[in-house]
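Please report on the fold and on selected local features of the chain shown here.

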Amino acid sequence: MRAVVVGVDGFIGESLASYLSGRNFLVWGTTRRLGRVTDSRIGHLDLACGPWQLSAEKADVGFICAAMTNIAECRRNPAQARAVNVVGAVSVAQAMIESDIKPVFLSTNAVFDCGEPLMLADRVKHPTTLYGQLKSEAEDEILALSPDSIVVRLTKVFVSRPALFARWWQALMDGRTGWPMVDACVAML
């Protein structure tokens, strides 16, 4: 199978491309960083500004991993957040569909208010942040493009040595207390 990963040099995109390559996928990717366009397998695509064209060789599936994910940054720059997280993502999904590539949009649990644990996928969305609102809007638009569109909602993605855990561990070793959920709520305010 062949896959295109939009945002291949990001945290999730890079891990996904590595995983797919290890399972015999032919992977092509995009980056918004011109300095990282180094060979025929990595092309330039910036979700913040069009045109949103995929010049990849024919792919079977396309993963839209690129996004503006920092909640505070989305709040500070709402126009750019909308351009990336809605306009760009939806336009790329449309370009994929027009090229017979099945789009897979990586979204977030921030489309819910997270007032209850274990939210089901069909639960009514109720985002409490601009980031969640924009991802919710993009989900709706991408799903409306084609019955083959897929949305995958992620909560927290970890690597083998996450800096977040290291900070929590160091705080405990220093005798400081704090709970991850409290930290996450404070960060969202």
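Asn24 counts as exposed, because its relative accessibility is 70%. Exposed means over 50% relative accessible area, buried under 20%, and partly exposed in between, with a 1.4 Å probe and protein chains only. Asn24 lies in the loop between H1 and E2. Its phi is positive, about 65°, although Asn24 is not a glycine.

Asp100 is found in the loop between helix H3 (78-98) and strand E5 (102-108). Phi of Asp100 is near 60°, a positive value in a residue other than glycine. Asp100 is exposed, with a relative accessible area of 62%.

**Basis of the model**

This is a predicted model: local features need pLDDT of at least 70, side-chain atom pairs count only at pLDDT 80 or more, and totals for chains, interfaces and linings use all residues. Residues are numbered from 1 along each chain as its sequence is written, and side-chain values use heavy atoms, with hydrogens and water left out.

**Overall architecture**

The chain has 6 helices and 6 strands. Helices (H or I, at least four residues) and strands (E, at least two) are DSSP runs, numbered from the N terminus. Along the sequence the pattern reads β-α-β-β-β-α-α-β-α-β-α-α.

Of the 189 residues in the chain, 34% are buried. The chain exposes about 11300 Å², and carbon and sulfur atoms supply 57% of that area. Accessible areas come from the Shrake-Rupley method with a 1.4 Å probe; for residues, only the protein chains shown count as cover. Contacts (heavy atoms within 4.5 Å) were also sorted by sequence separation. Among those between residues at least 6 apart in sequence, 62% join residues at least 24 apart.

E1, H1 and E2 make a right-handed β-α-β unit. Right-handed means that, with the strands pointing away from the viewer, the path from the first strand over the helix to the second runs clockwise. E1 and E2 run parallel and are joined by 5 bridges. Two strands pair if DSSP finds at least two bridges between them. Val6 stands opposite Thr30 in E2.

Helix H1 spans residues 11-21, and its buried residues are Gly13, Leu16, Ala17 and Leu20. They cover an arc of only 100° around the axis, which puts them on the same side of H1. The arc is that of the directions from the helix axis to the C-beta atoms. Their cover includes strand E1 (2-6), strand E2 (26-31) and strand E4 (61-64). The face of H1 turned away from this buried side carries the exposed residues Glu14 and Ser18.

**Strand E2 and Thr31**

E2 is largely enclosed by the rest of the structure, because 5 of its 6 residues are buried. Thr31 lies in this strand. At 1% relative accessibility, Thr31 counts as buried.

The side chains of Thr31 and Asp9 are joined by a polar contact of 2.7 Å. A polar contact is a pair of N or O atoms within 3.5 Å; within protein, one must be able to donate a hydrogen and the other to accept it, and residues adjacent in sequence count only if both atoms are side-chain atoms.

Ile97 lies in helix H3. Leaving aside residues up to four places away in sequence, Ile97 touches Pro103, Leu145, Ser146 and Ser149. Ile97 and Ser146 are 49 residues apart in sequence, yet 7.5 Å apart in space, C-alpha to C-alpha.
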